Amino acid sequence: MKKKQNRTQSVETQLAGDISKSSKKGTGRNRLLDIGKKNEPPFLVSLIDHKSLVDYDAAMQLFRYMMCIWTAYKKEMEIKHKGITGRKSFRYPVIIPIIYYEGKSTWTASRNFCDRIGYSSEFQKWIPDFQYELVSVHEQSNQDLLKRGDEISLIMLMNKIQNADDLEQLLHIPADKINQIVKDSPEHVVDIMVSVMENLCFKIDVSAEERMKCVQKVRERKMGYLWENMEKFSIQEERRKTEKQRKKAEAAEKRAEEQQKLLKEERQKNREIEEKLRAAEALIKQLSSDRQEHSQEI
């Protein structure tokens, strides 16, 4: 998911730059969602880090993000109420760190922050600790996600698509079920779905024209009709696989032809050598015969 400004709190706006700087490798995509009333501080912050591969430094990365959030929150509260963060009653918001994992292999990284610190058991009292939640997309079946009937489940369904087989499973979902989920979705949620759809289109390598059509369907909240195009994309994927296999077969055939050509040339060279040897033997015999005749004449 792309970073997108939250509509109820401006903390994310200030934090976006800090997160961008602290994530130089670009291994995850991040989004902050806070729960709170409009124009009031959030009482809960959900920090979601998107991963496609197992990242053993995920806990440390989340910790840096959490510090960025609390630092930004402190600055914002000080702007609104100078000196408030120095009061005994002041509290920072709770942050729930979450890893949203799309990979198919098992997530093997530790979910506890302290496990990333050396000698943590001996120096436990001086080491901060937390455990992040793990949402593994491929551990959720399509049926379970559809039963929930909400937008995040639909996004998870789309994020599960990694190849033509995954896409084929999605094609069997009735269009009316998809449209029922998105018919009343607010605009900022639709924006997220557009981002996910664009990523999916890039993943299955559709044309720019088809990608624009898909985005338009999402904006019109008619996602169920996307599957008509998706079936074509699935065929395209199968064609790409077939073309790849054909090229491999052609390359193997070309190598075999080259080997046969080399073998033929080698045989021709051997025949030429044999002919030269026979000619040399004949010449030697002729010279030997001529010498004998000359000796007899003498």
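Modeller: What follows is a close look at one helix pair and the core around it. Please keep in mind that this is a predicted model. Two packed helices are described by the angle between their axes and the distance between the axes. Here helix α4, residues 151-159, packs against helix α7, residues 187-203, at an angle of about 10 degrees, and their axes lie 10 Å apart. Because angles under 35 degrees count as roughly parallel, α4 is described as roughly parallel to α7. On the α4 side the contact is made by E151, L154, I155, M158 and N159, while α7 contributes V189, I192, M193, V196, M197, L200 and K203. Sorted by class, this contact of α4 with α7 holds nine nonpolar residues, one polar residue and two charged ones.

The surroundings can be read from the largest nonpolar core, which has 33 residues, and L154, L157, M158, M193, M197, V218 and M223 are those with the most contacts inside it. Several elements give two or more residues to this core, among them β3, α3, α4, α7 and α8, and its largest share, nine residues, comes from α7. In soluble globular proteins, nonpolar side chains tend to be buried together. M223 shows how the pieces meet: leaving aside neighbours within four places in sequence, M223 is in contact with L154 and M158, with M193 and M197, and also with I178, N179, V182, K217 and V218. As for β3, this strand is mostly covered, with six of its eight residues buried, and β3 pairs with strand β2, residues 44-51, in the parallel sense over eight bridges.

Methods: Residues numbered from 1 in each chain as written. Predicted model: local features only at pLDDT ≥ 70, side-chain atom pairs only at ≥ 80, totals over all residues. Heavy atoms only, no water. Axes fitted to C-alpha atoms, helices over the stretch in contact; angles between N-to-C directions. Helix = DSSP H or I, 4+ residues; strand = E, 2+ residues; numbered from the N terminus. Parallel < 35°, antiparallel > 145°, perpendicular 65-115°, else oblique. Contact = heavy atoms within 4.5 Å. Nonpolar A, V, L, I, M, F, W, Y, C, P; charged D, E, K, R; others polar. Core = buried A, V, L, I, M, F, W, Y, C linked by side-chain atoms within 4.5 Å. Buried < 20%, exposed > 50% of the residue type's maximum accessible area, 1.4 Å probe, protein only. Pairing = 2+ DSSP bridges.
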